[in-house]
Amino acid sequence: MKLKSLALATCMASLPFAALADGHSLKVGMITTLSGGGAGLGIDVRDGFMLAVGQADRNDIEVVIEDDQRKPEIAVQLADKMIQSEKVDVLTGIIWSNLAMAVVPAAVAQGKFYLSPNAGPSVLAGKGCNENYFNVAWQNDNLHEAGGAYANTAGYANSFILAPNYPAGQDALTGYKRMYEGELAGELFTKLGQTDYASEIAQIRASGADSVYFFLPGGMGIAFLKQYADSGLEIPVVGPAFSFDQGILQAVGDAALGVVNTSQWGKDIDNATNAQFVETFQAEYGRLPSLYASQGFDTANLLMSAMDVADVNDADAFRTALQAADFDSTRGAFKFGSNNHPIQDIYVREVIKEGDVYTNKIIGTALTEHSDVYAAECKF
């Protein structure tokens with residue numbers, strides 16, 4: 001079955017699946033954003049995940065996919081249905097941290113495993129951690145900490161910083177300030193889903209800033225970058241990969257060229273798994289993969305690596321297998337810290353144009369084998 005067809009089928013209904021001889025079959029509930037302003041992020045996570053499952057030709061995995069519409073109440077309803085009616089073993093897919101906070105604690109409290117392909121709120125890395133919760137992407141602060149570290153090396157001393165007012169936005173600015181050594185020309189929290197940034201740009205203009213650091217994922221970032229370019233401001237901007245990822249760049253265009261951003265992944269990371277992932281994703285879906293697609297791909301491969309050695313019904317054994325992270329990641333070496341969050345390198349990328357396609361190239365490393373500060377608060 002073509003992967004596109006498989007992804008469509010799993011959105012519509014549960015597919016029958018056959019257990020392996022040793023009984024290691026598993027049902028996955030994927031709740032992600034497939035409509036509205038953040039749909040591109042969820043679509044990429046879904047497509048990356050399904051690419052990995054399709055390439056492995058597994059008949060022991062059933063994936064049920066639902067659209068959370070970026071609404072916490074919908075995500076909670078879907079999670080309840082998947083746990084109570086669908087009887088899933090593992091949940092995954094959530095993009096937004098406010099939705100993760102609404103779903104994950106209740107899911108793991110019921111003994112389900114949750115593998116996050118994106119959202120990494122600080123609470124779930126620290127005091128609210130759980131041994132059945134694994135983040136395969138990052139802890140929210142991480143890429144922003146790398147942004148602060150880069151700002152220091154770039155000589156920026158008076159940054160204006162802004163992000164949406166929700167858990168990931170709060171973690172973003174906390175992370176930047178943790179590593180950044182300069183002064184702040186201003187700090188703003190915007191409305192989640194906001195598309196008009198005239199007021200914020202006016203404040204930046206008047207602030208005397210020598211740099212702007214912003215975290216505005218999805219459509220928010222597209223709107224801000226276009227309006228910022230139209231404003232004529234020449235203050236350099238820096239951001240995390242979320243604001244300069246593959247899907248966003250095509251919508252922003254020339255306004256993004258030369259902008260520096262931080263990421264734990266890039267299509268030019270030099271290892272065989274990543275090269276094959278980029279090639280096969282583009283062949284299957286007709287577009288370059290994004291950061292989110294790579295995270296979905298890695299999440300599926302982590303899950304399958306655990307299935308190869310343990311039955312999900314033996315929770316202790318399955319948890320140990322997940323913690324071992326014995327899979328080939330698009331990032332190269334991959335390992336979890338004590339709170340089941342990655343320890344990984346975070347790179348500095350620059351937006352470039354290859355032919356008619358806007359993309360990123362890695363130009364340096366901001367942080368090496370970086371973990372998060374909340375692990376010390378995590379007591380399993």
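## Stop 1: a strand residue

Start by selecting Phe134 and showing whatever lies around it: leaving out residues up to four places away in sequence, Phe134 touches Phe113, Tyr114, Leu115, Ser116, Arg319, Leu322, Gln323, Phe336 and Asn340. Keep in mind as you click that this is a predicted model. Phe134 sits in strand β5, which covers residues 133–135. Is Phe134 buried or exposed? Its relative accessible area is 0%, and since buried means under 20%, Phe134 is buried. Phe134 and Thr299 are 165 residues apart in sequence, yet their C-alpha atoms are 9.6 Å apart in space.

## Stop 2: two domains

Zoom out and colour the chain by domain. The domain assignment gives domain 1 (2–138 + 271–340) and domain 2 (142–263 + 346–376). Notice that each one is written as two stretches of the chain. Taken over C-alpha atoms, the centres of domain 1 and domain 2 are 27 Å apart. How many residues does each domain put into the contact? Domain 1 gives 20 residues, and domain 2 gives 23 residues.

## Stop 3: the core

Next, head for the largest nonpolar core, which has 120 residues. You don't have to click on every one.

Setting aside its neighbours within four places in sequence, Ile204 is in contact with Phe160, Leu162, Val212, Phe224, Tyr228, Leu233 and Ile235.

## Stop 4: a loop residue

Now move along to Ala209, in the loop between α8 (198–207) and β8 (211–214). Beyond the residues up to four places away in sequence, Ala209 touches Asn158, Phe160, Ala185 and Ile235. Two of these names, Phe160 and Ile235, were also on the contact list of Ile204.

## Stop 5: the cavities

How many cavities of 30 Å³ or more does the structure hold? There are two.

The largest cavity holds about 130 Å³ of space. It is lined by 16 residues, and Ile95, Asn118, Tyr166, Ala168 and Phe215 lie nearest its centre. What kinds of residues make up this lining? It divides into 11 nonpolar, five polar and no charged residues. Domain 1 and domain 2 both contribute to the lining, so the largest cavity lies between them.

For the second largest cavity, with a volume of about 60 Å³, select Asp245, Gln246, Trp265, Gly266, Lys267, Pro289, Arg349, Thr359 and Asn360, which line it. This lining divides into two nonpolar, four polar and three charged residues.

## Stop 6

Select residues 122–125 to show helix α5, and pick out Ser122. With a relative accessibility of 15%, Ser122 counts as buried. Not counting residues up to four places away in sequence, Ser122 touches Gln139, Asp141, Asp171 and Tyr374.

## Stop 7: two positive phi angles

Last stop: the backbone. Most residues other than glycine have a negative phi. Now look at Asp57, in the loop between α2 (39–56) and β2 (61–67). Its phi is near 55 degrees, a positive value in a residue other than glycine. Asp57 is exposed, with a relative accessible area of 68%.

Then jump to Lys87, in the loop between α3 (72–84) and β3 (90–92). Lys87 isn't a glycine, but it has a positive phi of about 60 degrees. Is Lys87 buried or exposed? At 53% relative accessibility, Lys87 counts as exposed.

Notes. Residues numbered from 1 in each chain as written. Predicted model: local features only at pLDDT ≥ 70, side-chain atom pairs only at ≥ 80, totals over all residues. Heavy atoms only, no water. Core = buried A, V, L, I, M, F, W, Y, C linked by side-chain atoms within 4.5 Å. Buried < 20%, exposed > 50% of the residue type's maximum accessible area, 1.4 Å probe, protein only. Contact = heavy atoms within 4.5 Å. 1 Å grid on protein atoms, 1.4 Å probe; cavity = no way out; pocket = protein on both sides within 12 Å on 5 of 7 lines; lining within 4 Å. Points joined across faces, edges and corners; volume = space filled by probe spheres on them. Nonpolar A, V, L, I, M, F, W, Y, C, P; charged D, E, K, R; others polar. Domains from an automatic or database assignment. Helix = DSSP H or I, 4+ residues; strand = E, 2+ residues; numbered from the N terminus.
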